[in-house]
Amino acid sequence: MSKICLFGASGHGKVVKDIAISTNIVVEAFIDDNPKSEFLHEIPVVTSQEIAAYKANKFVISIGNNNIRKVISKKVTNEFATLIHKTAIISPTVNIAEGTVVMPGTTINADTSIGKHVIINTAAVIEHDCTIADYVHISPNATVTGNVTIGEGSHIGAGAIIIPNITIGKWATIGAGAVIITDVPDYAVVVGNPGTIKKYNNE
Ligand SMILES: CC(=O)SCCNC(=O)CCNC(=O)[C@H](O)C(C)(C)COP(=O)(O)OP(=O)(O)OC[C@H]1O[C@@H](n2cnc3c(N)ncnc32)[C@H](O)[C@@H]1OP(=O)(O)O
């Protein structure tokens with residue numbers, strides 16, 4: 001039975017912990033520099049000063065903010081685990097990189113590639129031949145149809161739909177429930193059906 005640590009004792013951290021348990025992985029500790037309590041779901045919460053005690057453990061960064069996940073991934077020297085809930089349906093031709101978390105009820109279809117430290121949240125669907133870059137978050141119930149490319153750090157909101165062959169740039173935000181029918185530039189915040197640009201994350 002392998003043992004991991006989760007970086008981030010948040011609501012997202014609790015869900016990631018449940019995914020680990022679903023695959024018989026033991027969570028030894030949460031690491032959190034702003035701990036709200038000493039234990040979360042009976043698992044010790046320690047600060048990053050105490051990381052040395054867990055040097056043999058693989059880590060998963062259980063923080064929802066894509067940019068913070070990137071920053072922490074550059075600092076942590078431990079290896080990263082990949083967590084996939086036992087109810088996820090994933091084609092054997094899918095590639096999933098280290099640090100990524102795949103939540104319950106998701107489907108990921110043939111020849112899709114998922115980068116590092118990505119969150120595929122509850123019941124999201126990623127269709128065939130998609131490329132999902134590092135630090136992306138696909139929120140619950142979002143649908144990414146075939147041949148879609150999503151750039152680094154972008155956040156796809158809950159229930160959003162992206163039609164086939166679309167390219168979404170890096171660090172973009174797609175609002176909850178949006179329907180994306182044209183390519184989205186880097187940093188754009190897009191809402192509505194059809195999706196229209198409201199502003200830019202780097203303004
Ligand atoms: C397990 C989990 O919880 S996973 C987390 C999943 N999280 C999500 O799905 C959240 C997705 N986020 C959103 O939809 C947000 O509303 C965002 C990111 C699109 C915009 O948030 P903010 O930057 O705070 O923008 P703000 O709330 O000021 O809205 C800006 C404008 O966009 C509109 N707007 C915001 N979100 C949406 C939306 N989802 N659909 C349609 N219009 C929207 C607002 O009405 C406002 O319009 P106005 O300028 O005409 O008044």
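Visitor: What share of the contacts between residues at least 6 apart in sequence join residues at least 24 apart?
Guide: That share is 21% in the protein chain. A contact here means that the C-beta atoms of two residues, placed from the backbone, lie within 7 Å.

Visitor: Where do the coordinates and numbers come from?
Guide: This is a predicted model, where local features need pLDDT of at least 70, side-chain atom pairs count only at pLDDT 80 or more, and totals for chains, interfaces and linings use all residues. Residues are numbered from 1 along each chain as its sequence is written.

Visitor: How many of the 203 residues count as buried, as a percentage?
Guide: The figure is 41%. Buried means that 20 or more other C-beta atoms lie within 10 Å of the residue's own (exposed is 12 or fewer, partly exposed is in between, and C-beta atoms are placed from the backbone).

Visitor: How many helices and strands does the protein chain have?
Guide: It has 2 helices and 24 strands. Both are DSSP runs numbered from the N terminus: helices are H or I with at least four residues, strands are E with at least two.

Visitor: What makes β1 and β2 a pair?
Guide: Two strands pair if DSSP finds at least two bridges between them. Strand β1 (residues 3-7) and strand β2 (residues 26-31) are parallel and share 5 bridges, with L6 bridged to F30 in β2.

Visitor: Why is the crossover from β1 to β2 called right-handed?
Guide: With the strands pointing away from the viewer, the path from the first strand over the helix to the second must run clockwise. The β-α-β path from β1 through helix α1 (residues 11-22) to β2 is right-handed.

Visitor: Which strands make up the open sheet of 8 strands?
Guide: The order is β6-β9-β12-β15-β18-β21-β23-β24, with mixed pairing. β6 (83-84) and β24 (196-200) each have a single partner strand, so they stand at the edges with one side left without a neighbour in the sheet. β6 pairs with β9 (residues 101-102) in the parallel sense over 2 bridges, and I84 has V102 as its bridge partner there.
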